[in-house]
Amino acid sequence: MCGFVGFVNDGVNDRKENESFVKAMADRIVHRGPDQDDYYVDDQVSLGFRRLSIIDLEGGSQPITNADGTKVLIFNGEIYNFKDLRKELVEKGYVFKTQTDSETILHGYEEWGKDVLSRLRGMFAFVIWDSVEKKLFGARDIFGIKPFFYYMNKDANNKDVFLFASEIKAFLSNPRFEKELNEERLPDFLCFEYIPTSQTLFRNVFKLEPGTYFEYKVDDKNNKFKTDKYFELKYNIDDKKDEEYWTNLIDETFKGSTTIHALTADVEVGCFLSSGVDSSFVVHEMKKHMDLKSFSVGYAEEKYSELKYAQRFAKIEGVKNYSKKITADEFFEKTPLIQYYMDEPLPNPSAIPLYFLTKLASEQVKVVLSGEGADELFGGYHYYHEPLDFEKYMKLPQPIRSGLAAVASKLPDFHGKRFLMRGKYPMSQRYIRNNYVFNHRDVDKILSKKIPSQDPSYYTKPYFDACTDVDDISKMQYVDIKTWLVQDILVKADRMSMANSLELRVPFLDKEMLKVALQIPSKYRIANGTTKYILRKAALRNLPEETAKMVKKGFLTPLNDWLRQDKYYSMVKEKFQGDVAAKYFNQDYIMKLLNDHKEGNAKNMKKIWMIYVFILWYEQYFVQN
């Protein structure tokens with residue numbers, strides 16, 4: 001796992017200046033690769049690299065060049081089938097000078113061009129500079145496990161500026177970067193917790209989408225930059241196979257995925273362990289290959305802690321478990337730093353315990369495996385039951401459903417009111433995974449000035465339109481894979497692990513696992529009131545029944561309670577009454593949210609935390625840096 005930076009020189013600065021700029025950019029992300037740094041600078045481009053040594057510890061430095069030095073690669077990630085690809089390339093006459101997976105990408109690009117992307121099994125983001133064609137070529141893996149950001153703008157002299165990096169913060173060290181808040185996207189952030197497009201909260205900074213490649217032609221005046229998809233997610237449901245078939249296939253494929261994720265390393269590998277089926281399944285498979293270390297975190301507040309379950313499972317499996325209980329003081333103390341590492345504000349409270357978990361693991365190992373992705377691929381969220389609940393009701397004509405919703409809206413709260421209110425909408429409007437913090441209609445009340453905004457369904461509807469041929473449960477999972485997984489789950493997994501110089505691998509998010517998941521009928525994903533039904537059935541062959549049937553809890557925190565305590569209430573109050581809050585928010589409104597929560601009149605934890613986290617993030621990037 002590593003980090004890279006780079007930019008097109010465009011004749012603005014001399015080589016010595018460019019060398020200093022690219023090094024400064026790389027130093028900003030030293031946490032991604034503290035083991036080594038190296039650089040490539042010519043008249044057209046500057047490339048920088050920070051390395052966390054995992055494979056070929058002595059010979060795997062980057063940037064790496066091909067045989068005649070005309071192509072240069074910088075790469076972040078792991079390619080799990082690189083040995084097979086290497087063998088194929090050697091048979092074609094390519095000579096390798098390292099034992100790394102990175103060199104396989106470089107020679108693979110020489111042989112197959114952009115078609116190399118469909119051959120790669122792993123997580124990756126990379127850039128190749130072709131000095132003959134004067135072209136940059138780069139790509140991101142199909143899930144978006146590894147990050148890729150780029151900045152495109154014009155400078156004061158109307159010259160093109162093109163920067164790229166594994167993390168946005170690297171751009172701060174390049175003098176051609178103009179740091180500016182993308183204020184127009186604040187309403188989207190308040191609804192989704194993230195920006196649901198390729199844009200970011202930094203103006204002119206963009207995310208390369210998962211399963212996408214780009215080309216940037218340095219000498220082309222009219223068409224310098226283009227992107228294109230090399231992978232499209234598509235369900236291919238097979239209704240002809242029975243439960244036993246899918247159980248066997250999941251079991252077999254997951255064991256293969258875990259093995260290749262665990263053994264593709266020249267350093268010690270560990271595993272995260274919670275109380276749930278996903279990480280437990282990973283631990284069970286990994287222990288077959290090594291003397292395994294597992295890592296868990298929890299809280300002194302027992303009702304929020306899974307530690308006792310994780311520790312009991314570790315004992316049953318006979319693996320070493322390292323654990324930590326997080327205090328409220330630690331939680332609040334680290335939040336500003338965590339938001340700096342995030343690049344963009346991420347108000348999911350689970351990011352904080354994940355930071356402590358990765359820190360704990362980094363003291364023992366360089367690589368960990370975790371269970372991210374199982375919920376999205378195999379149907380692990382409780383709300384995937386909703387289409388079954390609405391199935392009969394949605395057969396009523398829409399005017400009738402709208403009328404019932406109108407009547408319900410005027411009545412006091414009663415059991416079923418929310419059902420009737422939501423029942424008037426089609427799936428593309430009813431289901432917006434993360435529109436649970438601020439309602440779109442409330443955004444004008446929150447912000448200090450009016451910013452034109454789109455209803456969240458504007459962003460999610462294209463995803464629903466892309467999968468009209470599948471059932472509603474599959475549609476929900478498709479949208480989650482395209483949005484929530486890549487914009488939240490994988491962001492915090494990458495940033496929190498890299499903040500502690502730890503490589504995090506996700507064996508559920510493997511192209512072979514995806515191939516299986518996209519074929520399984522929804523009746524085997526959600527069945528008998530059980531989420532991840534068929535995955536749990538496979539797990540039951542290997543795990544204790546208590547673990548395989550454990551209800552998903554997520555990364556719970558006692559934050560709801562802490563915000564009612566004077567000490568932490570006062571910390572938030574200070575920020576809510578400060579200059580940043582005055583600049584962007586209606587302070588009377590957000591103080592009412594805070595006070596109503598403290599007095600027990602409302603449960604506003606998520607809303608409070610979103611505003612608080614944004615303020616801390618803004619201070620990190622626009623006040624202190």
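Mentor: A residue is buried under 20% relative accessible area, exposed over 50% and partly exposed in between (1.4 Å probe, protein chains only). The model is predicted, so local features need pLDDT of at least 70 and side-chain atom pairs count only at pLDDT 80 or more, while totals for chains, interfaces and linings use all residues. Residues are numbered from 1 along each chain as its sequence is written, and side-chain values use heavy atoms, with hydrogens and water left out.

Trainee: How many salt bridges does a search of the whole structure find?

Mentor: A salt bridge is a side-chain nitrogen of Lys or Arg within 4 Å of a carboxyl oxygen of Asp or Glu. The search of the whole structure returns 53 of them. Among them, Arg203 and Glu180 meet at 3.1 Å, N to O. Glu180 is in the loop between strand E9 (160-165) and helix H4 (186-192), and Arg203 is in the loop between H4 and strand E10 (205-207), 23 residues apart. Helices (H or I, at least four residues) and strands (E, at least two) are DSSP runs, numbered from the N terminus.

Trainee: Is Glu180 buried, exposed or partly exposed, and what is its relative accessibility?

Mentor: Glu180 counts as partly exposed because its relative accessibility is 38%. Arg203 is also partly exposed, at 21%.

Trainee: Which residue forms a salt bridge with Glu183?

Mentor: The partner is Lys449, with the closest N and O atoms 2.7 Å apart. Glu183 is in the loop between E9 and H4, and Lys449 in the loop between helix H15 (443-446) and helix H16 (457-465), so this pair ties together parts 266 residues apart in sequence. Glu183 counts as buried because its relative accessibility is 18%, whereas Lys449 is partly exposed at 48%.

Trainee: Which residues are linked in a network of salt bridges?

Mentor: The network links Arg32, Lys146, Glu167, Lys169, Asp343, Asp494 and Arg495.

Trainee: What is the order of the strands in the open sheet?

Mentor: Two strands pair if DSSP finds at least two bridges between them. The 5 strands of this open sheet follow the order E15-E14-E13-E16-E17, with parallel pairing. At the edges are strand E15 (320-326) and strand E17 (503-505), each of which pairs on one side only. From one strand to the next, the twist averages 30°. Strand E14 (residues 293-299) is joined to E15 by 7 bridges, and Ser296 stands opposite Ser323 in E15.

Trainee: Which helix lies across E14 and E15?

Mentor: Helix H8 (residues 328-342) does so, running at about 85° to E15. Axes are lines fitted to C-alpha atoms, for helices over the stretch in contact (heavy atoms within 4.5 Å). Angles run from 0 to 180 degrees between N-to-C directions. A salt bridge of 2.9 Å, N to O, joins the side chains of Lys324 and Glu330. Lys324 is partly exposed at 23%, as is Glu330 at 21%.

Trainee: At what angle do the axes of helix H6 and helix H20 cross?

Mentor: The axes of H6 (residues 277-286) and H20 (residues 533-540) cross at roughly 35° and come within 11 Å. Val277, Asp278 and Phe281 in H6 meet Leu535, Arg536, Ala538 and Ala539 in H20.
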